[in-house]
Amino acid sequence: MLKPAVFFDRDGVLNQEAGYIKRLEDLLLMPNAAAAVRSLNDRQIFCCMVSNQAGAARGYYPHAHIDALHKRLSKLLADRAAAHLDAMYYCPSLSQPEGGIDPELTYYSTWRKPNPGMLVAAAWEHDLDLRRSFMIGDKATDIDLAHNAGCRGVLVKSGYGESVLAGSYQHTVEPNFIASDIAEAVNWILEVGFCD
Ligand SMILES: [Mg+2]
């Protein structure tokens, strides 16, 4: 039996957008993020982070730093509202034309958003039904990912969301819903429900 999921972008959705986060303590939760994830946990909805993390590929910090950031994110969610993510996926690689310099991490990957690789992997590993799932993000690439993977996309105005809507960052997108933040996005998803 396949189950639906809610996929979350990381920066600008779960935690505050702060560029490449070089110090662990600069990773700070979005207001209401923990409560929003918790409301899905309470309904046994699979919660999954999917994030492009090219900082190590760009040589800004070691690969292990990304895992440390995600450990902190998990701890903050737990401490704030006893919330948890059921899985966390990220794409550490970056192609050379896009700015990859670390020899280990410089390659083209189908995991890099808006390619659907992370969602496809999550669906295989956790028996997820992408058609009944949602992707919440603040960039055009998040909404493109949603459409490429066959789920519904919710654009939040936090992070880069306002700039995407204004057409001043990336290209404009047609999300299934526009929310002010993660809390409103999750409320809308719960209202719509997880049908086809
Ligand atoms: Mg983001």
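This tour visits a pair of packed helices, a loop residue beside them in sequence, and the nonpolar cores of a predicted model.

**The helix pair.** Begin by selecting helix H1, residues 33-41, together with helix H6, residues 182-192. Their axes lie 8 Å apart and form an angle of about 20 degrees. Because angles under 35 degrees count as roughly parallel, H1 is described as roughly parallel to H6. The crossing of H1 past H6 is left-handed.

To view the contact itself, display Ala33, Ala35, Ala36, Ser39 and Leu40 on the H1 side, and Ile182, Ala183 and Val186 on the H6 side. Sorted by class, this contact comprises seven nonpolar residues and one polar residue, with no charged residues.

Next, select Ile45, which belongs to the loop between H1 and strand E2 (46-52). Is Ile45 buried or exposed? Ile45 counts as buried, because it has 20 C-beta neighbours inside 10 Å. Setting aside residues up to four places away in sequence, Ile45 touches Pro4, Val6 and Leu40.

**The nonpolar cores.** Proceed to the largest nonpolar core, which contains 54 residues. Val6, Phe7, Ile136 and Ile182 have the most contacts inside this core. Centre the view on Ile136; beyond its neighbours within four places in sequence, its contacts include Val6, Phe7, Phe8, Asp9 and Ile182. Val13, Val154, Val156 and Ala185 are also among the contacts of Ile136. Finally, select Ala54, Ala56, Leu94 and Leu105, which are included in a second, separate core of five residues.

Conventions. Residues are numbered from 1 along each chain as its sequence is written. This is a predicted model: local features need pLDDT of at least 70, side-chain atom pairs count only at pLDDT 80 or more; totals for chains, interfaces and linings use all residues. Axes are lines fitted to C-alpha atoms, for helices over the stretch in contact, and angles run from 0 to 180 degrees between N-to-C directions. Helices (H or I, at least four residues) and strands (E, at least two) are DSSP runs, numbered from the N terminus. Angles under 35 degrees count as roughly parallel, over 145 as roughly antiparallel, 65 to 115 as roughly perpendicular and the rest as oblique. A crossing is left-handed if the near helix is turned anticlockwise from the far one by less than a right angle, and right-handed if clockwise. Two residues are in contact if their C-beta atoms, placed from the backbone, lie within 7 Å. Ala, Val, Leu, Ile, Met, Phe, Trp, Tyr, Cys and Pro count as nonpolar, Asp, Glu, Lys and Arg as charged, and the others, Gly among them, as polar. A residue is buried if 20 or more other C-beta atoms lie within 10 Å of its own, exposed if 12 or fewer, and partly exposed in between; C-beta atoms are placed from the backbone. A nonpolar core is a set of buried Ala, Val, Leu, Ile, Met, Phe, Trp, Tyr and Cys residues joined through C-beta atoms within 7 Å.
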